[in-house]
Amino acid sequence: MKILITIHKNEVASRFDLTSEILIAEVDAGEIAGEPRIILLPGTSGEDICGLAIKENISLIICGGIEDTHYQYLKWKKIKVVDGVIGPYEQALKFAIANTLKPGVILPGASIYGEQS
Amino acid sequence: MAKEKTRVFLQSNTSLLRKLDLISLLDSMTLGVLFVDPARRVIAMNRFLEALTGYNREEVVGIHGENIIRSNLLTLGDPVGKALESEKSMTQEGDIINQSRKKIPIRFSVSPLKLITGKKAGAMLILEDISLLKDLDNKIHGFSGKEHIIGQSRKMLEIFELLPIAARTDASVLITGETGTGKDLVAEAIHKASQRSRYPFIKVNCGALPESLLESELFGHVRGAFTGADKDKPGMFRLAHGGTLFLTEIGDLSLPLQVKILTVLDDKEFFPVGGSKKVSVDVRIITATHRDLGKLVKHGKFREDLFYRLNVLRLHLPPLREREEDFRLLLDHFFREIRANLNKKIKGFSDACLTLLSSYNYPGNVRELRNIVEYAVNVCPNETIRPDHLPKALLSMEQASSSSFENQETTDSESMETAMAFPGTMPSSAIPAPGGWGDVERAMIMKALTETGGNRTNTAALLGWSRSKLWRKIIQHGLK
């Protein structure tokens, strides 16, 4: 399974369409296979990320706020989207692998006690 | 004594303000309010913002504010960062995406928060939902501006196809066409659909002012540049900064001013009249003229280099007599619009009136058609507009051909077409003025037939007609 996370510094980016950096991780038998790739995008575009996700054969996207058009498009392309996630992307990835990441979740690391961007 | 009373009054009220439950007060507002600390973490938010974002205020305290409102403020120059650093308030339009995945247009007002001691305490963001205003703006101005240009003829459809292309680039556009064909509308539509739409669209008529005044109008002047220049004037180039400058009747521009325009187009900077300091501008130029600039160039009245500089994208608007398919559409549109404005109960035009209107030459094009309809709707006292309600210029034409019009019966737009005064199908007294619609249509058919080697299917396709319509027209014009 391939997971794409829209990121900003150490956190899940707050807006899908304004994201300029993404992380792609491959998960095999509940473990991250190899080193996750961080890709710096040439610009910010929700459409471009959708296109990239299809090209990369992504199964799951973890992001912050996403417009319904992008969400429905990805759903139509059979890509699962867990949106509205707030907090460090590493935690989000761990929760996703453990299959416990829920849409709209505020991760523990996002609180005042956690690392802020 | 009075001063002492004032001091005591202020002191007691200040302590009252300190005791107020600020959040409860803000909860009654119909604006979203968010307080963040210097690290941009949420301190508090009001109820309206809870509804706007879809978050409960208790769960978001301590979270980075941007993760909660999900705005595009960072791409708009980060006004929160600026408020935190420079302690300046600012207003900015942008958007947010809420929990329901809806993008909402917002007017943000960001102000720094300061304690009474002067210590920085963060920032306050006020979020105003401007969805309704945006909707209204779109209704009034139209999203692309194209909605105001009416037409479904082949030539107009070609223009509509070119509009988005012209809007996407920053290249100069030259719009040509006879007077009243809608050059201004097209220029504005290009601006509205372009990236510059948030900035000004300024129109300058180059034929309306003498050379010296026009130079000052375009480039501005400094105080004392000439008698009467008692203060600095920015000029239209500077006022249009970031946006579009529409120079209409560019063919009337004097040669010295043509040189100055050329310089601005090349260097993007100029000297105001009497000024010694160069002014830089970022302006897109759209020009229009009813003159044949190519001919003016040949006669040495227009600079060739400027012509090529302006003629990057060319849009030629057809005259109304070449837009037969649009005539009824435009007539109905103007009739409905003017009838509604004047609150009249007129039902429509009589058949004779329609025949007369459709056989007129319209040298003033769409503008003239609109004026004629406005005149008729104003003058008509009953339910149907008859020929005697039309302007006198048209009436005189009707008298010349009345005998033939009386013999014709038209019931709908299709039969109206067949009733038009085409040469070859009517007595000589009914032949419209040379250059009328009939002549143009006949010439169009001949040209298309020649181009396609007489193939009627291809001719019909070229003219945008059905084969049966072409057949009917061929018979009408005696071309069989």
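Biologist: How many bridges join strand β1 of chain B to β5(B), and do they run parallel or antiparallel?

Modeller: 5 bridges join β1 (residues 32-36) to β5(B), and the two strands run antiparallel. Strands here are DSSP runs of E, at least two residues, numbered from the N terminus, and two of them pair if DSSP finds at least two bridges between them. This is a predicted model, where local features need pLDDT of at least 70 and side-chain atom pairs count only at pLDDT 80 or more, while totals for chains, interfaces and linings use all residues. Residues are numbered from 1 along each chain as its sequence is written, with chains lettered from A and ligands numbered from 1 in the order in which they are written.

Biologist: Which residue is the bridge partner of B:L34 in β5(B)?

Modeller: B:L125.

Biologist: What is the strand order in the open sheet?

Modeller: The order is β2-β1-β5-β4-β3 in chain B, 5 strands with antiparallel pairing. At the edges are β2 (42-45) and β3 (90-97) of chain B, each pairing on one side only. From one strand to the next the twist averages 30°; axes are lines fitted to C-alpha atoms, for helices over the stretch in contact, and angles run from 0 to 180 degrees between N-to-C directions.

Biologist: Which helix packs on the sheet?

Modeller: Helix α6 (residues 79-86) of chain B, which touches β3, β4 and β5 of chain B and makes about 10° with the direction of β4(B). A helix is a DSSP run of H or I, at least four residues, and contact needs C-beta atoms, placed from the backbone, within 7 Å.

Biologist: How many bridges join β4 of chain B to β5(B)?

Modeller: 9, between antiparallel strands, with β4 covering residues 103-114. B:S109 stands opposite B:I126, and B:K114 has B:K120 as its bridge partner. The hairpin of these strands has 5 residues between them, and there B:G118 takes a positive phi near 100°.

Biologist: Changing topic, which residues touch the most other members of the largest nonpolar core?

Modeller: Of its 57 residues, A:I5, A:V12, A:I62, A:C63, A:A92, B:L34 and B:L125 do. Such a core is a set of buried Ala, Val, Leu, Ile, Met, Phe, Trp, Tyr and Cys residues joined through C-beta atoms within 7 Å, buried meaning 20 or more other C-beta atoms within 10 Å of the residue's own. Its largest share, 5 residues, comes from β5 (residues 120-129) of chain B.

Biologist: And how many residues of chain A are in contact with chain B?

Modeller: 18, against 16 residues of chain B.

Conventions. Two residues are in contact if their C-beta atoms, placed from the backbone, lie within 7 Å. A residue is buried if 20 or more other C-beta atoms lie within 10 Å of its own, exposed if 12 or fewer, and partly exposed in between; C-beta atoms are placed from the backbone.
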